[in-house]
Amino acid sequence: MPRFGHMGSAIGTLVLALPACQTTVGLDDGLIPAAELLSGKAIFGEEVSSAERPSVDILATDDAMREFVADLREDSQGPARFRDLMERVRSAGYAVSGYEPYANLSAREAFVQKRGNCLTYTSLFVALAREAGFEASYQLVDVPPDYDSVNGMVVLNKHVNARVDQIPGRGSVTVEFSEEFASGIHDRRVVDDAFARALHYNNLAFSDDMAGDERGAFAYLRKAIELTPRNPDLWTNLGVFHARRGHFDHAISGYRQALDLDAHHGAAIRGLANAYGALGRDDSARFYQRRVAYSRARDAYTYYTLAQRAYQAERPTESLELLSEAIRLYRRDHRFYRLQGEVHDYLGNTVAANESYKRARGVARDEVDRDRRRSLAERHPRATVHTLGHSSIF
């Protein structure tokens, strides 16, 4: 799921941690009420209703989809039915190709078009599995930070997959559309259909905003918040939406709504530092800037993101310097070394590139081994994962 001003289930802002020992009490007075933030009046001069954009049933099925799994429902052999469903989805070409990180489709659309992001493909699978008589649900997966840059905004991509319960002889299994997360070691939690639907609206808001449809973007973001008002990511996105249009008081109130739900929400803290600075409220700005600086100095993924952007902007030397900082702070993510190899390749440094790729392969193997060791004692044990499709993530 981007975040506005920065995110990828999404809108956009860099996510940085707030030290647990700090508080934010007493800095803000006269916050704008949530109802006013959600009205849109500050931006559009009138209230924007969420009903201005159509509701979407991302799990709705049609006759073709029901026909696709009809005989599976009639088969009483649970394990065999599950294997048949997986093979049928795989052989039909879903997720093997056509992965598009910002293609936000419903299950019915994905069934026809055979393209989409991880939320799209998870919706498709959950819908088909339920039609076949399985108990299927969404899972939000706690994966390492994965950033992207879209139209000058930093987007943090989040990840979802599917869970199928009560399979005879197997219990619960995870269905994953990304080979990158096939280990099943990452913490995960089941989220309800409303949560997933709100993510879909959030993504539609991001797409509309990128396309210049501000009113549509706001309406979809409001729909998302009305569905899941306790998701701090959405309030942060609302704050970014206001901040990008110069309404910094409203942005501050959106960020504070996010902090009320998650006191350590890094994107909201960064947004507050920027908004207070824009308003010339220097004491408050410095309060939050200290926390941003504290985190950034320790956040390898910030350097990795900046290195990606420097590389895309054809500043390879700067990219290598930033990658060195990322690796200094955290040496156990193979993506750092892989990008380092790509930059060396770009510069024609074949020997250095090969060394970086070799290191990336070694770290990737270590990650798998480390995951296996962790799974023995982890509170959330390794999932039994069945992988379908593409190695990219959303």
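Residues are numbered from 1 along each chain as its sequence is written, and side-chain values use heavy atoms, with hydrogens and water left out. Because the model is predicted, local features need pLDDT of at least 70 and side-chain atom pairs count only at pLDDT 80 or more, while totals for chains, interfaces and linings use all residues.

The protein chain contains 16 helices and five strands. Helices (H or I, at least four residues) and strands (E, at least two) are DSSP runs, numbered from the N terminus. The chain has 394 residues, of which 53% count as buried; buried means under 20% relative accessible area, exposed over 50%, and partly exposed in between (1.4 Å probe, protein chains only). The accessible surface comes to about 17,100 Å², and 46% of this area belongs to carbon and sulfur atoms. These areas come from the Shrake-Rupley method with a 1.4 Å probe, and for residues only the protein chains shown count as cover. A contact is defined by heavy atoms within 4.5 Å. Among contacts between residues at least 6 apart in sequence, 68% join residues at least 24 apart.

In soluble globular proteins, nonpolar side chains tend to be buried together. A nonpolar core is here a set of buried Ala, Val, Leu, Ile, Met, Phe, Trp, Tyr and Cys residues joined through side-chain atoms within 4.5 Å. The largest nonpolar core has 79 residues, and Phe-82, Phe-125 and Val-164 touch the most other members. Helix H6 (residues 118-131) gives the most to this core, contributing nine residues. Another core, of 17 residues, lies apart from it and includes Tyr-303, Tyr-304, Ala-307 and Leu-320.

Helix H6 has 14 residues and reaches 20 Å from its first C-alpha to its last, close to the 20 Å expected at 1.5 Å a residue. The expected span of a helix is 1.5 Å times one less than its number of residues. Twelve of the 14 residues of H6 are buried, so this helix is largely enclosed by the rest of the structure. Among the buried residues of H6 are Cys-118, Tyr-121, Phe-125 and Ala-129.

Aromatic rings form a further set of links. Rings of Phe, Tyr and Trp (its six-membered ring) pair if their centres lie within 6.5 Å; planes under 30 degrees apart count as stacked, over 60 as edge-to-face and the rest as tilted. By this rule the count comes to 16 aromatic pairs. Tyr-121 and Phe-177 form a stacked pair, at 5.7 Å centre to centre and with 20 degrees between the planes. Tyr-121 lies in helix H6 and Phe-177 in the loop between strand S3 (171-176) and strand S4 (188-191), so the pair ties together parts that are 56 residues apart in sequence. Both Tyr-121 and Phe-177 are buried. The ring centres of Tyr-304 and Phe-336 are 5.0 Å apart and their planes stand at 35 degrees, so this pair is tilted. Because Tyr-304 lies in helix H13 (residues 300-312) and Phe-336 in helix H15 (residues 334-347), the pair ties together parts that are 32 residues apart in sequence. Tyr-304 is buried, with a relative accessible area of 5%, and Phe-336 is buried at 0% relative accessibility. Tyr-301, Tyr-304, Tyr-330 and Phe-336 form one aromatic cluster.

Charged side chains also lie over ring faces. A charge sits over a ring if NZ of Lys or CZ of Arg is within 6 Å of the ring centre and within 35 degrees of the ring normal. Arg-189 lies over the face of Phe-195, at 5.6 Å from the ring centre, and Arg-291 over the face of Phe-287, at 3.8 Å from the ring centre.

Helix H9 (residues 232-243) has twelve residues and reaches 16 Å from its first C-alpha to its last, close to the 16 Å expected at 1.5 Å a residue. Twelve of its twelve residues are buried. One of these residues is Asn-237, for which the relative accessibility is 0%. Asn-237 and Ala-268 are 31 residues apart in sequence and 8.8 Å apart in space, C-alpha to C-alpha.

Arg-222 is found in helix H8 (residues 214-227) and counts as buried at 13% relative accessibility. Leaving aside neighbours within four places in sequence, the contacts of Arg-222 include Leu-38, Glu-47 and Ser-50. Asp-62, in the loop between helix H2 (41-44) and helix H3 (63-74), counts as partly exposed at 23% relative accessibility.
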